Amino acid sequence: MSFLADNFDLLRDAFLTTLSLAVVSGIVALVLGTVLAAMRVSPIPALRALATFYVETFRNTPLTVVFFFLAFGIVYIDLQFPTRFLTAVAALSLYTAAFVCEAVRSGINAVPSGQAEAARALGLDFRQSLSTVVLPQAFRTVVPPLGNVWIALAKNTSIAAGFAVTDLTAVLQRLANANADQLAMVFAAVVLAYLVITLSSAWVIGILERRLAITR
Amino acid sequence: MTGPRVLFDLPGPRARRRQRIGSALGIVLVLLLVGLALWRLGANGQLEGERWAILFDPATNVPQRLLEALVNTLQVAAVGMVAATVLGALLAVGRLSEHAWLRIPVVAVVEFFRAVPLLVLILFCFLFLPQVGLSLSAFGALALGLTLYNMAVLAEIIRAGILSVDRGQSESAYALGMRKWQVMSFVLVPQAVRRMLPVLVAQLVVLLKDSSLGFIVGYMELLRTSRSLVETLNFSFGPRYTFQLYVAAGLIYILVNVLLSQLAKYIERRTSQNAKTAGTHGVAVAADIPLATGEAVGQARV
């Protein structure tokens, strides 16, 4: 146990890095994904095509490849992220936005068409009916899938370890190399840290789901 | 909601003109950005034909290595897919068991493996298992990690499928005098798998994508191979081919995954037309299945 106490600071920092990586990317992905979903149901064909292209591309690319391009590829078009952390946030949020978009779109589809028809009959235009009538209802029905996207994102942050962000997985690798005799303890600590994030998220999502669900 | 049309009126002539102008401007903007990127690439000499030719020149051994890497990727994914599906079906049945001594451990196993990042599982198989005397190659560690993680996810998918099969199916099977294991294996699981096929295939696409994590444990899949090719070629020519090789690896991934996704869509269309499954549908299965991976959620469209 003294081993864990020795490395407590390292583990705590790594835990906070993982958590902030997930939270920041989650917020960016939520905003971007919602905009993409709005684009996919918009009246303008060009916007629909653009959003569809984005979603199909990112859903079919491994996250590792996205990381690779943002870390090593964009140098060739003379761009560079200021820090490794921002590279990871960009990769995670660009990737996750595609899944948020699909979840939100399924929610938009689940809102009964009478709602949108009534909104239009009241004279609301596309933007108004989407933002004041359809999306608020859509978000309440997509709490479970969005929650799953969030948990997947929290787990996906581990890939940032391969790209020089000192998150939990990176610390796992570092400690595992330095303390081969304590390997079980290292794994237990890191897995526990991840479980704290994922299981507590699942619990909160369950509560939100019950509070927000619309019974139709 | 029947398609996006409900949200807006069909545009009239003026709105259409406005949209066309806006779209044209937008396309010009996108083209400008693409052009800007290409210009910077060109300025850095990345677009020279010779640099790309290496990808197709057998004399450099690059196409062979990439093909080999693709085979490696597909191999580990195939092993993972088969093992995860079989184990997932078993776990799904176990979780629905009436015996608490079976159900509780299965629930624990499923929930645990769904909550731990795949990379940590792979590292566990790669670093820890050899210490307790279970020596695994990079291939074994990757395949085992993929299997452990995906069996839990697939178990949940199949369980949701089993629960969505009409109760009448199992009731009539019991009425015919079948035993419980017969009802499960001859009546419920086949229907559940067929019902969940689109979501299952989507998860298998995720598995294929995740095999790129082999990069971190040193398995020679696509990404790792491109990296090692880059290193070898850098040694002889300097960083000439880096960009091209990574682009190639990325494109191969996208191509294979798009093909698999198309397969999923095709299966979805086929099964929804199939009279045998059509008779029992009308249950919105996908939308609220607690899939742990966001990846599969995309299939939740209604």
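Okay, let's start with a word I'll need a lot: "buried" means under 20% relative accessible area, "exposed" means over 50%, and "partly exposed" is in between, with a 1.4 Å probe and protein chains only. With that in hand, here's a first residue. A:Thr64 sits at 1% relative accessibility, so it counts as buried.

Before I go on, some housekeeping. This is a predicted model, where local features need pLDDT of at least 70 and side-chain atom pairs count only at pLDDT 80 or more, while totals for chains, interfaces and linings use all residues. Residues are numbered from 1 along each chain as its sequence is written, chains are lettered from A and ligands numbered from 1 in the order in which they are written, and side-chain values use heavy atoms, with hydrogens and water left out.

Back to A:Thr64. You'll find it in helix 4 of chain A; helices here are DSSP runs of H or I with at least four residues, strands are runs of E with at least two, and both are numbered from the N terminus. So what does A:Thr64 touch, not counting residues up to four places away in sequence? In its own chain there are A:Ile159 and A:Phe163, and from chain B there are B:Ser212, B:Leu213, B:Phe215 and B:Leu223. Touching, or contact, means heavy atoms within 4.5 Å.

Now zoom out to chain A. It has 10 helices and zero strands. Its C-alpha atoms fill a box of roughly 70 × 45 × 25 Å along the principal axes. Of its 216 residues, 55% count as buried. If you take the contacts in chain A with a separation of 6 or more, 77% of them come from residues 24 or more positions apart. The accessible surface of chain A is about 9200 Å², and carbon and sulfur atoms hold 67% of that; these areas come from the Shrake-Rupley method with a 1.4 Å probe, and for residues only the protein chains shown count as cover.

One more residue in chain A: A:Asn148, in helix 8. Buried or exposed? At 8% relative accessibility, A:Asn148 is buried.

Next up, chain B. This one comes to 14 helices and zero strands. Of the 302 residues in chain B, 48% count as buried. Among its contacts between residues at least 6 apart in sequence, 72% join residues at least 24 apart. The accessible surface of chain B is about 14900 Å², again with a carbon and sulfur share, here 67%.

How do the chains meet? We have 65 residues of chain A in contact with 60 residues of chain B. The area buried between them is about 5400 Å², with 67% given by carbon and sulfur atoms; that's the accessible area (1.4 Å probe) that two parts lose on being put together, summed over both. Helices 3 to 10 of chain A each supply at least two residues of the side that touches chain B. By class, that side has 39 nonpolar, 17 polar and nine charged residues. For the record, nonpolar covers Ala, Val, Leu, Ile, Met, Phe, Trp, Tyr, Cys and Pro, charged covers Asp, Glu, Lys and Arg, and the others, Gly among them, are polar.

How many salt bridges cross the interface of chain A and chain B? Zero, by the rule used here: a side-chain nitrogen of Lys or Arg within 4 Å of a carboxyl oxygen of Asp or Glu.

Over all chains, though, the whole structure has 13 salt bridges. In chain A, A:Asp13 pairs with A:Arg12, with the closest N and O atoms 3.6 Å apart. A:Asp13 is partly exposed at 41%, and A:Arg12 is partly exposed too, at 39%.

Over in chain B, B:Arg95 and B:Glu111 form a salt bridge at 3.3 Å between the closest N and O atoms. That pair links distant parts of the chain, with B:Arg95 in helix 3 and B:Glu111 in helix 4, 16 residues apart. B:Arg95 is buried at 15%, whereas B:Glu111 is partly exposed at 28%.

B:Glu111 also meets B:Arg114 in a salt bridge, 3.6 Å from N to O. Why can I talk about a helical turn here? Because B:Glu111 and B:Arg114 are three residues apart in helix 4 of chain B, they are separated by about one helical turn. B:Arg114 is buried, at 10%. Finally, salt bridges with shared partners join B:Arg95, B:Glu111, B:Arg114, B:Glu156 and B:Arg159 into one network.
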